[in-house]
Structures are given as structure tokens and as C-alpha cells.
Amino acid sequence: GSDGEDNPTAIQFYKRRGWEFVFADPTCRRYDTSGFFLKESRITKYAMIKRLDSGVNDGRNGDGGSDGDDSESFMQKIKNSFFVQ
């Protein structure tokens, strides 16, 4: 199923858990295959994102050697490519 305009309970479920809307696409279509003929209807699809807490430390703070530094640096690069602060 989709978490669209026809499912406000699902939207509230995610909002209460820290998810927020990024954009809505009102040009999507849903196809109803329950009848003899294929029926098409327009729906709005929503994209949501949950931002990660930047203060979380997973225990790899660079004290464990170069392996920790490399993976932490890599994870920071990924985080910075998705989340603008």
C-alpha cells in the first residue's frame, strides 16, 4: 500500500516518530485491477525523511586505530551527502 492522502493514520504514525515530508507528487497514478477493466486514478505520493541525530556516537571516535577513522570518515561523507546542516 501507499502512505498517501487515503491513509491519514499511516501519515500520523510516521510523523509521531520523527519523520517529516520532503515533497509530494500529485501526478502519480493508481491502477485498480479488481474489476474486469483496468481503472486508472490519480493519487498523491508523499516522500518522507527522518533525520538522524548528529550527536550520536557509535563508539568509534578515532581511538581504536585507523580502521575506525576510515569508516567514521566514510559514514560522515555519506551523512553529509544526504543531510544539509
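Okay, ground rules. What we have is a predicted model, where local features need pLDDT of at least 70 and side-chain atom pairs count only at pLDDT 80 or more, while totals for chains, interfaces and linings use all residues. Residues are numbered from 1 along each chain as its sequence is written, and side-chain values use heavy atoms, with hydrogens and water left out.

So, the fold. You've got two helices and two strands, and going along the sequence they come in the order α-β-β-α. Helices here are DSSP runs of H or I with at least four residues, strands are runs of E with at least two, and both are numbered from the N terminus.

Now the strands. E1 and E2 pair in the antiparallel sense, over ten bridges; for pairing, DSSP has to find at least two bridges between the strands. If you want a spot to look at, find Ala24, which stands opposite Tyr46 in E2.

What about contacts, meaning heavy atoms within 4.5 Å? Taking those in the protein with a separation of 6 or more, 48% are between residues 24 or more positions apart.

Of the 85 residues, 12% count as buried. Buried means under 20% relative accessible area, exposed is over 50%, and partly exposed is in between, with a 1.4 Å probe and protein chains only.

Last topic: how many salt bridges does a search of the whole structure find? Two, counting a side-chain nitrogen of Lys or Arg within 4 Å of a carboxyl oxygen of Asp or Glu.

Arg51 with Glu20 is one of them, at 3.4 Å between the closest N and O atoms. That pair links distant parts of the chain, 31 residues apart: Glu20 is in strand E1 (20-32), and Arg51 sits in the loop between strand E2 (39-49) and helix H2 (66-82). Arg51 is partly exposed at 46% relative accessibility, and Glu20 is partly exposed too, at 37%.

Then there's Glu40 with Arg29, N to O at 2.4 Å. Glu40 is in strand E2 and Arg29 in strand E1, so this pair ties together parts eleven residues apart in sequence. Both ends are partly exposed, Glu40 at 46% and Arg29 at 38%.

Technical notes
Contact = heavy atoms within 4.5 Å.
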